[in-house]
Every structure is written in structure tokens, then in C-alpha cells.
Amino acid sequence: MRSCVWWILKVYCRMKYRASVFLCRSPTDPHAAAMPADYNGTWEMESNANFEEYMKALDIDFATRKIALHLTQTKVFVQTGDKFETKTLSTFRNYDLNYTVGEEFEEHTKGLDNRRVKTLVVWDGEALVCTQTGEKPNRGWKHWIEGDKLHMELTCGEKVCRQVFKKK
């Protein structure tokens, strides 16, 4: 009886919260889904590989690219379940992005490349994966955490920028 109740509860939870942080799991179930990562906090940039090529793929002008290459970014995440409030801070420009995982929205990349894109962020295990649909093909990003490091891959076309941030 007890295992039957657990099975019913598990099926119900998977149906109701399939892409949510509220996945039901049993500590003895080896196939249970892990809870998504906790991104809360302030993260300071340590490395920024291939950033200029990524900005060129976005058609960002020469002067802005040269300024951006010399900046160190700080990312601030406030995560409540699947709701995210994110800030990318620098001495040149700041960018705020608020979203709910699994819900598509229109994003205006003001202060970046100044485009309007359809954005969808989903969980892929413990990673956040973003697809941005608009005039640039294969555009988006991916975040994941390893220890006290936040890794980010920014993609536009064939260009990929890899950034690493350390938790403050």
C-alpha cells in the first residue's frame, strides 16, 4: 500500500511540475530527477574568452566592442524557484533580465545589441539554457555551476564566447 501511494504521488508530481523545481523524488529512487541548481548570489567575472568575435557576430560597433573588452562584469541572481531576476553590471552599462523558466517572452536587448528577440529559458539538468529567436541565427546562452564557479556560454551563429564567474 505504501509503495502504491508513493507511486501515485510521484506520477502526480511529475505531471504537475514537470519542468519545475518542485520535482517529487524519493531518496531511494535512483532515477529521480535532481533539483535544479541554486544560482542566487553575486558572481564576479574571472575570464571572458572569444568575447570580441561574439560581439562581431552580433554586429556591435567597433568602439563599443573595444570598451566592452576592457570591462569586468558582475552578475547578480535572485532566484525564487523558476523565477529569476538577473543583473549584469559593469562600469559602462548594466543589463537587467527577469524571466520565468519555461515561459517564452519578448526581450529587448537594449544596451547590448538593441534587438527584439523571442526568448525562452529552460532547465537542462542543472543548467539554464536560453534560446533567442530573431534576426540572428543560433543565438542564446547557457549557464551552469561547478563548485563556486558560474560558467556561461554565449552563442551567436558559429561564434561562442565562454565566460567564467566566481561566487563572491
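Strand β8 gives four residues to the lining of the largest cavity, the largest share of any element. This is a predicted model, in which local features need pLDDT of at least 70 and side-chain atom pairs count only at pLDDT 80 or more, while totals for chains, interfaces and linings use all residues. Residues are numbered from 1 along each chain as its sequence is written, and side-chain values use heavy atoms, with hydrogens and water left out. Helices (H or I, at least four residues) and strands (E, at least two) are DSSP runs numbered from the N terminus.

**Cavity**

- The structure holds one cavity of 30 Å³ or more, and the volume of the largest cavity is about 650 Å³.
- Of the 35 residues lining the largest cavity, Phe-51, Gln-73, Thr-88, Tyr-95 and Leu-112 are the closest to its centre.
- Two or more lining residues come from each of α2 (51-57), α3 (62-69), β2 (74-80), β3 (83-89), β4 (95-100), β8 and β9.
- The lining has 17 nonpolar, twelve polar and six charged residues; Ala, Val, Leu, Ile, Met, Phe, Trp, Tyr, Cys and Pro count as nonpolar, Asp, Glu, Lys and Arg as charged, and the others, Gly among them, as polar.
- A cavity is a set of points, on a 1 Å grid over the protein atoms alone, where a 1.4 Å probe fits but cannot get out, and lining residues have an atom within 4 Å of a point.
- Grid points are joined across faces, edges and corners, and a volume is the space filled by probe spheres set on the points.

- Leu-128 has His-143 in β8 as its bridge partner.
- The hairpin of β7 and β8 has five residues between the strands, and Asn-138 takes a positive phi near 50 degrees.
- Seven bridges pair β8 with β9 (residues 149-156) in the antiparallel sense, and Gly-140 has Thr-155 in β9 as its bridge partner.
- Two residues lie between β8 and β9 in their hairpin, where Gly-147 in the turn has a positive phi of about 65 degrees.

**Annotated segment**

- An unreviewed UniProt entry carries the annotation "domain: Cytosolic fatty-acid binding proteins" over residues 41-58; such annotations may be inferred rather than shown by experiment.
- Over residues 41-58 the chain is 39% helix and 50% strand, with the end C-alpha atoms 28 Å apart.

Conventions:
Two strands pair if DSSP finds at least two bridges between them. On a 1 Å grid over the protein atoms alone, a cavity is a set of points where a 1.4 Å probe fits but cannot get out, and a pocket is an open set with protein on both sides within 12 Å along at least five of seven lines; lining residues have an atom within 4 Å of a point.
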